[in-house]
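Subject: Structure for you to look at

Hello,

Here is the structure I promised to pass on, together with some notes on what turned up in it. Have a look at it first, then read on.

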Amino acid sequence: MNMKTARPARPAPPLRGKESNTTTKGYERSAAIMEAAYAILATEGYAGLSMRSIAQRVGVSLSNVQHYYPSRDALIEALLELTFTTYQADMDRIVAGMESPQLRFAGVIDYFLETLRDQMQSGLFFEVAALANRHAVAASIFDTMLTRARKNLRRLIRDIDPAMAPAQCDLRAALIVSQLIGGMVFIADTRPKHDELAGLQQEMAAAIRRIAFGT
C-alpha cells in the first residue's frame, strides 16, 4: 500500500510551571520558540542550538526565551517530548481512521517511512540519535520514543495475528523499528540518490510485512 500520509505538525507546547492564566500571546511566543529550536536542531545540530540563536531567529530578547525555557537542556527536553507526543497523536489518528487491522498496519508503516524521509524530520532524528549517546535527557526520551514505536507495532501485529506469541510480537516489532531506522540512511531526502535504489521505500514496506507476518 502506498498512501500519502500527512507529515507531523507541531502543536503549541504546554508551558509547564507557568501560571494557568498564561495569555494567548504567551502560548504563541512559546510555539515560535519551539519552531525555531526545531529548525535549528534539525538543520544545524546540537552545536548550533543556543538560547541566543533561538532568540535571534524568533526576534526576541534572550531573557524572553529564558522566561519560557530557563536553559538549553529544558528547551531540548520540551522540544523532544512535544515532537514524540505529536508522532503518537498522528499514529493514533491513522489507526482510528482505518477500518481493518491490515490497513492500520500499512498506514502506520507508510507514516513512519514518509516521516523518516522528510528532510526536517530525518535531520532531527539523526541529531537526536547522536545526542542520546551523550545527553541523559535525550537518551531517556529517545528510548521512550523507540519503546512507544515497538509497543504500537506489537499491538498492530497482534490485531492481525492474535495467535502469535506475545514474546514473538515484541521481537518482530523491535526488528521493524530497526529496519525503519536503518533504512532512513538511504531514503531520507538529504541523502544521496542512486538510480538502483529508486524502489527502496516500497521494498522496505514489503520487507517489514515479511518481518511481521512471514509473508
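**Starting from Leu80**

Leaving aside its neighbours within four places in sequence, Leu80 is in contact with Val128, Ala138 and Ile141. Leu80 belongs to helix α4, and its relative accessible area of 0% makes it a buried residue. Take Val128 from that list: 48 residues separate it from Leu80 along the sequence, while the C-alpha atoms of the two lie 8.4 Å apart in space.

The average pLDDT of the protein chain is 86, and 90% of the residues score at least 70. The stretch to treat with care is residues 1-21, where the pLDDT is below 50. The model still gives this stretch 52 contacts beyond near neighbours in sequence. Where pLDDT is low, the predicted coordinates should not be read in detail.

**The overall picture**

The protein chain has 215 residues, and 45% of them count as buried. Its secondary structure comes to 9 helices and 0 strands. For contacts between residues at least 6 apart in sequence, 65% join residues that are at least 24 apart.

**The nonpolar core**

Which members of the largest nonpolar core touch the most other members? They are Ile54, Phe105, Leu153 and Ile176, in a core of 63 residues. Helix α4 (residues 72-96) supplies the largest share of this core, with 11 residues.

Apart from residues up to four places away in sequence, Phe105 touches Leu153, Leu156, Ile157, Ile160, Ile176, Ile208, Arg209, Ala212 and Phe213. Two of the other core residues named above, Leu153 and Ile176, are on that list.

Ile54 takes us to helix α2 (residues 51-58), whose buried residues are Met51, Ser53, Ile54 and Ala55. The cover over these buried residues includes α1, α3 (62-68) and α4. Just after α2 comes Gly59, with a positive phi of about 85 degrees.

**Two helix pairs around α6**

Helix α6 (residues 119-131) packs against both α7 and α1.

- With α7 (residues 136-160): the two axes come within 8 Å and cross at roughly 120 degrees. The two helices are therefore oblique to each other, and α6 passes α7 in a left-handed crossing. On the α6 side, Phe125, Val128, Ala129 and Leu131 meet Ala138, Phe142 and Met145 of α7.
- With α1 (residues 24-48): the angle is about 60 degrees and the axes are 8 Å apart. That makes α1 oblique to α6, and this crossing is left-handed too. From α1, Tyr38, Ala39, Leu41, Ala42, Thr43, Gly45 and Tyr46 meet Met120, Gln121, Gly123, Leu124, Glu127 and Leu131 of α6.

Best wishes

Note on methods. Residues numbered from 1 in each chain as written. Predicted model: local features only at pLDDT ≥ 70, side-chain atom pairs only at ≥ 80, totals over all residues. Heavy atoms only, no water. pLDDT = per-residue confidence, 0-100. Contact = heavy atoms within 4.5 Å. Core = buried A, V, L, I, M, F, W, Y, C linked by side-chain atoms within 4.5 Å. Buried < 20%, exposed > 50% of the residue type's maximum accessible area, 1.4 Å probe, protein only. Helix = DSSP H or I, 4+ residues; strand = E, 2+ residues; numbered from the N terminus. Axes fitted to C-alpha atoms, helices over the stretch in contact; angles between N-to-C directions. Parallel < 35°, antiparallel > 145°, perpendicular 65-115°, else oblique. Left-handed = near helix turned anticlockwise from the far one by under 90°.
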